[in-house]
Amino acid sequence: MRNVKTGLLFIALSIVFCSVAIGQDRLKIDSLESQLRSVSSDSSQILIMINLSKEYEYNDYNLAKKYADQALAISDQKNWNWAKGVTYKQQANLNVARGN
């Protein structure tokens with residue numbers, strides 16, 4: 001009986017911890033999206049878009065790709081090699097995560 005109680009306690013705590021972790025991810029995404037709306041600097045927008053892409057990498061490939069593509073468009077427009085490098089790295093990470 002003790003093993004059953006321990007097992008049920010472990011399952012309950014696992015669910016709570018997973019819920020907290022998911023909630024923290026959502027808070028981080030919301031914060032990054034808010035920052036993206038409020039900054040005017042292109043370099044800041046690129047970095048925030050890359051961070052958003054990383055946050056969505058394993059949960060929503062389409063959104064992750066969208067943010068990486070937007071960051072690349074600004075990087076190309078500005079012809080910033082540092083930003084292109086960061087963006088290409090994130091796009092490569094997305095391809096690996098997708099299995100490509």
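Q: What makes E55 and K28 a salt bridge?
A: A salt bridge requires a side-chain nitrogen of Lys or Arg within 4 Å of a carboxyl oxygen of Asp or Glu. The closest N and O atoms of E55 and K28 are 3.2 Å apart, so the pair meets the definition. E55 belongs to helix 2 and K28 to helix 1 (residues 2–38), and the pair links distant parts of the chain, 27 residues apart. Helices here are DSSP runs of H or I with at least four residues, numbered from the N terminus.

Q: What kind of model is this, and which pLDDT limits apply?
A: The model is predicted; local features need pLDDT of at least 70, side-chain atom pairs count only at pLDDT 80 or more, and totals for chains, interfaces and linings use all residues. Residues are numbered from 1 along each chain as its sequence is written, and side-chain values use heavy atoms, with hydrogens and water left out.

Q: Why is E55 called buried?
A: Buried means under 20% relative accessible area, exposed means over 50%, and partly exposed lies in between (1.4 Å probe, protein chains only). E55 has 18% relative accessibility, so E55 counts as buried.

Q: Is K28 buried, partly exposed or exposed, and what makes it so?
A: The relative accessibility of K28 is 44%, so K28 counts as partly exposed.

Q: How do you know that the length of helix 2 agrees with its number of residues?
A: The expected span is 1.5 Å times one less than the number of residues. For the 15 residues of helix 2 (residues 42–56) this gives 21 Å, and the end C-alpha atoms are 21 Å apart, so the two agree. Among the buried residues of helix 2 are I46, M49, L52 and E55.

Q: What makes R26 and E33 a salt bridge?
A: Their side chains meet at 3.7 Å, N to O. R26 is partly exposed because its relative accessibility is 38%, whereas E33, at 18%, is buried.

Q: Why is K84 called buried?
A: K84 has 17% relative accessibility, so K84 counts as buried. K84 lies in helix 4 (residues 81–98). Leaving aside neighbours within four places in sequence, K84 is in contact (heavy atoms within 4.5 Å) with S75, D76 and N79.

Terms used
Helices (H or I, at least four residues) and strands (E, at least two) are DSSP runs, numbered from the N terminus.
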